[in-house]
Amino acid sequence: MNSTTQILVVGGGPAGSTTATLLAREGFDVTLIEKEVFPRYHIGESLLPSCLEILDLIGAREKIEAYGFQRKDGGYFAWGNESWELDFTKLRHPYSFQVVRSEFDQLLLEHAKSQGVKVYEGTEIRGLTFDGERPRSAIWAQGPGDTNTGEISFDTLVDASGRAGVMGMRYLKNRHYHDAFQNVAVWGYWRGAGRMSFAPDGAIAVGSVPDGWFWGIPLHNDTMSVGLVLHKTTFKEKRQQGKSLEQIYYEAMDECPLILDLLKNATFVSEQMKVEQDYSYMSDKISGPGYFMVGDAACFIDPLLSTGVHLATHGSMLAAASIASMYRGEVTEAQALHFYEHSYRHAYLRLMVIVSGLYMQYRGKSNYFWQAQQLTHNDYSDAEALNEAFLFVVSGIEDQNDVVDLPKELPIEGMAGQLPPEEAERAKAMYQVYHKVFLRSSMSAETAIEGMYVTTRPHLGLALAQSERVMTA
Ligand SMILES: Cc1cc2nc3c(=O)[nH]c(=O)nc-3n(C[C@H](O)[C@H](O)[C@H](O)COP(=O)(O)OP(=O)(O)OC[C@H]3O[C@@H](n4cnc5c(N)ncnc54)[C@H](O)[C@@H]3O)c2cc1C
């Protein structure tokens with residue numbers, strides 16, 4: 001491995017490979033270091049239509065289209081007493097994919113190599129050295145028993161190391177877990193599951209149960225990923241009662257007719273049940289001198305709306321545009337960091353409001369699980385930013401559904417609960433609006449953040465809302 005690189009990316013998941021590819025395509029010297037040798041298992045299989053935009057941007061659309069993943073035309077929610085379908089075919093990007101992540105992530109990483117990224121798999125970043133706050137080099141180790149070790153210096157670090165979070169967990173120690181969405185997921189894979197003839201083709205099935213909800217994701221290899229999400233307190237209680245993961249999973253499933261029906265002729269094929277805490281968090285700071293944290297390394301939101309890969313790759317685009325403009329001298333480092341910090345936070349907050357809003361649509365709210373998904377002051381210290389996010393989302397819904405009479409000043413606590421009574425319709429609108437909220441966010445002068453937005457032509461970079469290029473201060 002070289003002893004120096006312009007940009008070091010840690011982690012080869014969707015955030016790492018997307019950021020690295022975008023920067024390599026802009027002509028920068030990029031090295032990506034990934035701990036595992038791909039393909040490696042990962043949860044997070046249901047993608048949103050926004051992935052098409054990102055795949056186009058990194059030039060990998062054809063490869064992914066040709067691979068044969070399950071196409072996803074929407075979703076089906078059996079939510080309390082309500083049920084509704086989400087039809088992506090009416091959106092600007094009319095479909096998405098359900099992917100086996102080991103295969104999808106490997107395709108993206110191979111694509112990064114093909115675009116000039118120097119990729120080292122089976123290599124772990126063990127530590128960083130700093131010059132003040134600025135990370136300057138990384139210590140890496142390879143092979144069984146660390147047969148090979150070394151140090152690589154860099155100008156800019158992109159931390160895309162996922163939940164392990166090299167910067168956030170080891171150095172900054174600044175991950176803030178929300179009070180809302182303190183959930184645990186238990187899941188496994190089934191062969192021979194049925195299809196929902198009443199829902200868009202390849203849809204994700206989401207079915208609520210009194211203590212949480214189930215996902216059912218059909219995959220191209222004839223398996224279905226089926227997972228239960230429940231609150232950590234309920235999970236702990238059940239474990240203390242001596243219940244196994246299997247008991248917790250199957251008992252909950254008995255209360256979910258949607259999933260039971262899909263699995264009536266199916267066989268459970270996982271060796272064992274998988275379990276993971278999926279508490280939502282945001283780091284107090286996601287960038288600083290010489291570093292950008294992207295994807296799960298920066299923040300994570302409850303999987304209800306399948307937003308993880310979307311948020312990771314959206315963040316990749318924001319980071320790559322900021323870094324590219326910074327290196328070209330179009331913005332100062334301070335401006336690039338400022339834009340990145342604010343635009344990614346806005347995207348995150350708006351999503352968090354949508355997810356909480358959808359939880360609040362559930363009519364059996366008296367149950368603990370559903371109350372625990374409501375945002376409070378503790379979930380985000382910047383009350384103004386959270387209110388802004390809520391208003392932004394609501395105004396997006398207004399555009400789509402002509403919903404009127406929303407209060408202009410909304411208290412944070414219980415804000416999602418203040419939505420008008422047509423809850424199912426509203427929930428549907430909230431889901432649909434994500435597309436608008438995310439794809440257009442920070443991508444045009446109208447949706448500029450801090451006076452700047454991402455432009456992809458003639459280069460990927462930042463532009464001023466007044467349509468002048470940002471000049472170096
Ligand atoms: C229960 C559950 C269900 C989910 N469902 C969905 C879903 O349906 N749809 C969706 O879009 N998202 C979903 N997600 C979220 C999704 O899994 C993540 O948001 C997504 O994988 C984030 O991508 P990433 O690139 O940031 O991180 P990752 O994909 O985790 O990649 C990080 C990479 O960094 C590597 N790494 C870590 N430490 C080091 C180190 N020290 N040195 C070198 N490499 C390192 C890791 O090996 C890993 O490959 C779900 C999450 C959970 C918990």
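Visitor: What makes β1 and β10 a pair?
Guide: In this predicted model, six bridges link strand β1 (residues 4-10) with strand β10 (residues 148-159). Pairing needs at least two bridges, so β1 and β10 count as a pair. They run in the parallel sense.

Visitor: Which residue of β10 stands opposite T5?
Guide: F154 in β10 stands opposite T5.

Visitor: What joins β1 to β2?
Guide: Four bridges join β1 to strand β2 (residues 30-33). The cut-off is at least two, so these strands pair as well. The two run parallel. In β2, I33 is the bridge partner of V10.

Visitor: Why is β1 called mostly covered?
Guide: Five of the seven residues in β1 are buried. A residue counts as buried if 20 or more other C-beta atoms lie within 10 Å of its own.

Visitor: Why is α1 called roughly parallel to α9?
Guide: Helix α1 (residues 14-25) packs with helix α9 (residues 308-327) at an angle of about 30°. Angles under 35 degrees count as roughly parallel, so α1 is roughly parallel to α9. Their axes are 8 Å apart. The crossing is right-handed.

Visitor: Which residues of α1 and α9 meet?
Guide: From α1 come P14, A15, T18, T19, L22 and L23. In α9 they meet residues including V309, A312, G315, M317, I323 and A324.

Visitor: How do the residues of that contact divide into nonpolar, polar and charged?
Guide: The contact of α1 with α9 holds 11 nonpolar residues, five polar and no charged. Gly counts as polar, and G315 is one of the α9 residues in the contact.

Notes. Residues numbered from 1 in each chain as written. Predicted model: local features only at pLDDT ≥ 70, side-chain atom pairs only at ≥ 80, totals over all residues. Axes fitted to C-alpha atoms, helices over the stretch in contact; angles between N-to-C directions. Parallel < 35°, antiparallel > 145°, perpendicular 65-115°, else oblique. Left-handed = near helix turned anticlockwise from the far one by under 90°. Contact = placed C-beta atoms within 7 Å. Buried ≥ 20, exposed ≤ 12 C-beta atoms within 10 Å, placed from the backbone.
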